[in-house]
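The explanation after it goes from the overall fold to single residues.

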Amino acid sequence: SQDVTKADYCFGFLDGYIAAANGICIEGVTAGTMARVYVKYMDDHPKLMDADSGFGFGLAMNSNYRCHK
């Protein structure tokens, strides 16, 4: 179904981001949690809804999982 295809795309996007993550501490964070963080961030920053999805997602992850070394 179309919903399954969209869900697969979403989790593929998250898996790709996890594999390429640089400068954020997401070890042990599930894809489901990351998706909820992204949705909340977009709710709080609606002007970013028109931006590239990778840009908005990166901002959401950086604001919530930034490494403090």
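The paragraphs below take up confidence, fold, helices and pocket in turn.

This is a predicted model, in which local features need pLDDT of at least 70, side-chain atom pairs count only at pLDDT 80 or more, and totals for chains, interfaces and linings use all residues. Residues are numbered from 1 along each chain as its sequence is written, and side-chain values use heavy atoms, with hydrogens and water left out. The pLDDT is the predictor's confidence in each residue, from 0 to 100. Its average over the protein is 81, and 90% of the residues score at least 70. Where pLDDT is low, the predicted coordinates should not be read in detail.

The protein contains three helices and zero strands, in the order α-α-α along the sequence. Helices (H or I, at least four residues) and strands (E, at least two) are DSSP runs, numbered from the N terminus. Of the 69 residues, 26% count as buried; buried means under 20% relative accessible area, exposed over 50%, and partly exposed in between (1.4 Å probe, protein chains only).

H2 has 14 residues and reaches 20 Å from its first C-alpha to its last, close to the expected 20 Å. The expected span of a helix is 1.5 Å times one less than its number of residues. The buried residues of H2 are Ala31, Met34, Val37, Tyr41 and Met42. Down the axis of H2 these fall within an arc of 130°, so they line one face of the helix; the arc is that of the directions from the helix axis to the C-beta atoms. Exposed Arg36 and Asp43 sit on the face of H2 turned away from the buried side.

For H3, the end C-alpha atoms are 18 Å apart, which agrees with the 18 Å that its 13 residues should span at 1.5 Å a residue. Gly56, Phe57, Gly58, Ala60, Met61 and Tyr65 are buried in H3.

The largest pocket has a volume of about 150 Å³. On a 1 Å grid over the protein atoms alone, a pocket is an open set of points where a 1.4 Å probe fits, with protein on both sides within 12 Å along at least five of seven lines; lining residues have an atom within 4 Å of a point. Grid points are joined across faces, edges and corners, and the volume is the space filled by probe spheres set on the points. The lining includes Phe13, Met34 and Phe57. Phe13 belongs to helix H1 and is partly exposed, with a relative accessible area of 28%.
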